[in-house]
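Here's a quick briefing to read with the model open beside you. Take it topic by topic, and try to find each spot as you go.

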Amino acid sequence: MIEMTHNLDNYIDKDEHLLGRHTILIKPYSSAILNPDDQCFCVPDTNTPIDLPGIPIVFNGSEPHYLEYTITSFETGETTVHKLSGPFKESSQVLQKFRSSHEDAKSIYKLRASTSGAYKLQRILDKDRVDVRFHHGREVYVVNCPEAHIDHYKDTLDYCVGKGDVDIPITVRGLPPWTVTYKRYVGTGNNAHDLLIESEPPGYSSPFLLGWSPPATPNYSWAKQQEMNLSVNLGLSVPGKYGFQLTKVKDGCGNVIDFQGLVAKNLRDPEIRRVNIRERPSVSMKCDSQRPIKIVDRGGASPATIGLKMKRGDAPFQVGYVYQKSDLDEPQVMPAVQFKEGDAAYIDAKLPGVYTLSYIKDAFCEGEIESPRDCSVIVATRPTVDIVSHPINDSCVGAIGVTVDATFTGEGPWEVCFHVWRNGTPESKQTCHSSSKPRLNLELKPRLPGNYEYKFTTVSDKNYYDVKVDLPSVFQNIHPQPSAVFVDNQSGMKTCRGSSKTLDVELYGTGPWDIEYRVIRGTEIKLFKEQNINQKITTLTLPPFEQEGTYSIDLGKVTDLANRCEKDLNVADVTIQVSNGPPTVSFQCDKPVEFAEGDKVNLPIHLTGGTPWKITYGIEGEESLIPDKKDSRNTFITVDRPGVYELKSVSDSFCEGEVVEQARKCEVVYSKQPAMNLMIDSIRFRGGPRENVPEGEIAPSERITRDGEFFILPAVCKDADRTLELRLTGKAPFVLRYRAIYKPTKGGKDVQTLHEERSQHSTMRIPIMTDQAGAVSYHFETISDAIYQNVEVRHEKKAVVFKHVIRTPPTARLVNTAQQLYCKNEVTGVKEKISIQIQDGVGPFSLAVEIMRPNQALAEKLFEHDVVPRNGIYEWTLPAKFTEMGLYKVSILRVTDVNGCSSGAASTVEFDILDTPSITPLRSIKDACVGDKIEYSIQGEAPEFRVFYSVDQTNYDTPLDSKQRIFSLEATKPGLVKINKVCQTLTKKQKKECCTQPVEEMSTMIWAIPTVKVADGTNLITDLREGDLAEVVATFVGEPPFSWGYVRTEAVYDKEGQVKHGKRPVPLETKKKENIPGHKFSFFTATEGTIVPVWIKDKHCQFGKEIKET
């Protein structure tokens, strides 16, 4: 027998070898208690969505399998018997298992009550048909659940402030007395608080109330469902929106129905009685007792409006009022006025008298009348005007005007209107003057002489318009004072030094006139005089201005020669700006200006003087002139034709100027279009090989030829760096646009690409396409320079096309690049051949080959020339012999064809020489148990080993890295384990599987672990009554003879084999039985506890720790 000591727990589950438990329990007496907490229950009616109640029954030491109970009706007093048979589970309809406790052997069941009445137990049997003890006198009351409703809760009540208290009717049902909880809130309900109502029918009594006196004959009339109407009085004196909501109701034995909880679960609609306490409206008149409202009499009184001031209330409104013409007349009730929300509130007053408010109503309430409550209305008097006139005299000319004093009656503001007649002829329109005061003073002073008559026609005030008046006219013979003013607004004039200006002056009074004026420049003042002027409008000719600057022309004095009256004038001056000299204009072009046909060109000009300028110019030889306006000193004129342009005239804001003679003209000519120089000697094809070509001569790889209409470039190898150098004429910078068309060598669609090259010089280099083999043509389309855009490229009136061929370079690769593996001391042969595939290009070829040997820093390079492959394959003989361990690398570096086209080749093959490892056991083991570890030693050099072994003819292999020199084999199942070989693994493409050495036979027999099963491996629980015995049976798996041990612990396991409430079982005794020849063993016991196997042993192996008996 082999003991297991190595990593046994990794492979063996203790539950697989020590199976089963046998628990023996001594059964106690069983009992039951109905409703241990003396609760009262209720059954809901169909309108209350709550669950039926469950009456608890607590069982001690047993589970019910039969239950009999009675229900006595509260309404009729009749008793019915109900019988239930088990087993009873959590899903049972009437008697449901609720909770079990293994620790105290108690179970709780609930008896589902579906009707009201008194419930009593009659008989209970357990699973063994044994009676369960209980108290026969206990009964449980199940009443109807309480219910409460607000009557007509969907209706909203509207009350006016001060009307009285608000009563909310409530209906309540169930077992009295009731406690109803309700919530009263204002507005949104954020300030709600709970209130209580407690009530019961008069004279009601029950076992749940103090002073209960049981009736002489037992009955349950007190438990019948009763109904009562209640009323909640709400003293609401503050206006606002109120809500009344029931939250819960409680009956006489403590049953509570939570209405809010049912509403939250959408099981009941919320019952909210809403009450609106409305504010009473008020009204007053917008009227001042000291200022009666006036109506205007225009042949029939026009109504006036008496504004009403409304407060509070809800539209629509109704306002009543009475009208009393005078104190001697009886008041008259007038039709009430109606107003909607947003309407202007007023009363139309058509007659004079007193208007008094009588009442106001809104949509809900009657309101109050506030002061002022009445308003007086009178008829406005018509306005009048009285005038008094006085002449205005001058000591020199006599009467020059008249003053008129007008006095008004009525209500201001006022307006008086009159017509003016001169020398018997009326003026075109009437003259009116306004006044906010009852007196108005007018000063009428005409500017022209004559006989004047002023006829006053109408007067107006606040209430009446254009009331005709009958007043005497005011007459006056007027001789105006002399006066003079400049005609129109002539200020801000400009002129040049040495020039003169004229100014128009209008004269007033009686002519002829003399006039004096002054010309002022700084502190310099010159006085001038014009005499005996007979025209009403005269022209003053100013003297020439000799200096630049600002001049002011001031009218000083005018004299009326007819009356010899003189008057000093006070009129605004006229200012004149005088420049230093005349403006000039000149071209700024020293040489002919070139531009492209069809374009426009700007010719620069320079201006002197003051902005803005007006110029004219034309083309030499043409009569037509072109006007233009400029705002800048340095500007230009835009032209679109060639020729000699000539400036003709210039003027600025001051005066006419002159053209600078030396810069009067500017020549404009067309520029030559850009072009390509396509002479063969002017074109260069750069980048080709120039071996043995003298300096200055063209190499064959750079020589360009002509083939009809095409320019032919030399053929180039793929990926060569070549450029086409062109010579351009025109004005730099240049932009050359062309189209490249690529034709693949092996067929396929042509590929077109558009290109644009730029150059700041007359030489332009075009990059040649060489990235793919094939033929390329370059079609040059347009050329642009600094002047012309997109000029078509042509040579001898034909398109310009360059062509060239891109040669395909040869490629070389190893046919087989897989790693070649060989074992130590094996030789590949004196001449090892490597197949190289050569494609494309033109032969013969040259090859460059590199060989890297083990432990050498530098590679060896070999060259093969004049290589001619057969069918694209060249067999190259490798001049090497593999004698050392390590990695050899053979690489193809480059292949070149006869045209010089070449390509690098990333093609490498490796030759790896491997060692041959060996294996030996660390110690010789012929027998072992499952869970033992068998170890072997590995010798050799390799990056990775692989050990091949078998278990009962089934082959396995395990990889080991170079650091693992010990191979450990875990015995995970019974059978014969045999080591076959150890090696370095080669690829599947090699003929050999691995490099190895022959091994001696190495084998070990692995035996299975024995197993013991108590109660067939189950958790058996046996209930015993006193005096009985229980048989404990153990069965064995393995090879006899067997020995086993067990422990008897406290009986703390349940039927699922779990420890009750986490309690740790306490061992009571240990037993051991040895040398059992068969596979089964049993014994009898009457002792309570749990038998648990802890040790098993057979012929070869054992499991668990061997124990000593106690």
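Are Cys40 and Cys253 buried or exposed? Cys40 is buried, and Cys253 is buried too. Keep in mind that this is a predicted model. We'll start with the disulfides, then move on to a sheet, a cavity and one proline.

**Disulfides**

- The count for this model comes to ten disulfides. Three of them are picked out below, one at a time.
- Let's go back to the opening pair: a disulfide links Cys40 with Cys253, with an S to S distance of 2.1 Å.
- Cys40 sits in the loop between strand E3 (31–34) and strand E4 (41–43), while Cys253 sits in the loop between E18 and strand E19 (256–258), so this pair ties together parts that are 213 residues apart in sequence.
- The torsion about the S-S bond of Cys40 and Cys253 is about -60°, so we call this disulfide left-handed.
- Next up is the disulfide formed by Cys42 and Cys145, whose sulfur atoms are 2.1 Å apart.
- Cys42 belongs to strand E4, and Cys145 is in the loop between strand E11 (139–144) and strand E12 (147–150), so the pair ties together parts 103 residues apart in sequence.
- The link of Cys42 and Cys145 is right-handed, with 85° about the S-S bond, and both of these cysteines are buried.
- The last one here joins Cys160 and Cys365, with 1.8 Å between the sulfur atoms.
- Cys160 lies in strand E13 (residues 157–160) and Cys365 in the loop between strand E28 (353–361) and E29, so this pair ties together parts that are 205 residues apart in sequence.
- For Cys160 and Cys365 the angle about the S-S bond is -105°, and the link is left-handed; Cys160 is buried, and so is Cys365.

**An open sheet**

- A bit of background: strands of a sheet pair through backbone hydrogen bonds, and they do it either parallel or antiparallel.
- In this model, four strands make an open sheet in the order E27-E23-E21-E29, and the pairing is mixed.
- Zoom in on strand E23 (residues 304–311): E23 and E27 pair in the antiparallel sense over four bridges.
- You can look for Ala304, which stands opposite Ala349 in E27.

**A cavity**

- How many cavities of 30 Å³ or more are there? The count comes to one.
- About 50 Å³ of space lies in the largest cavity.
- Its lining includes Gln245, Leu246, Phe259 and Arg268.
- Strand E18 (240–250) and helix H3 (259–264) are the elements that give two or more residues to the lining of the largest cavity.
- H3 gives the most to that lining, with three residues.
- Sorted by class, the lining of the largest cavity has four nonpolar, two polar and three charged residues.

**Around Pro391**

- You'll find Pro391 in strand E31 (residues 384–394).
- Pro391 and Gly401 are ten residues apart in sequence, and their C-alpha atoms are 6.0 Å apart in space.
- Which residues is Pro391 in contact with, leaving aside its neighbours within four places in sequence? Pro391 is in contact with Gly401, Val402 and Gln476.

Terms used:
Residues are numbered from 1 along each chain as its sequence is written. This is a predicted model: local features need pLDDT of at least 70, side-chain atom pairs count only at pLDDT 80 or more; totals for chains, interfaces and linings use all residues. Side-chain values use heavy atoms; hydrogens and water are left out. On a 1 Å grid over the protein atoms alone, a cavity is a set of points where a 1.4 Å probe fits but cannot get out, and a pocket is an open set with protein on both sides within 12 Å along at least five of seven lines; lining residues have an atom within 4 Å of a point. Grid points are joined across faces, edges and corners, and a volume is the space filled by probe spheres set on the points. Ala, Val, Leu, Ile, Met, Phe, Trp, Tyr, Cys and Pro count as nonpolar, Asp, Glu, Lys and Arg as charged, and the others, Gly among them, as polar. Two strands pair if DSSP finds at least two bridges between them. A disulfide is a pair of cysteine sulfur atoms within 2.5 Å. Buried means under 20% relative accessible area, exposed over 50%, partly exposed in between (1.4 Å probe, protein chains only). Contact means heavy atoms within 4.5 Å.
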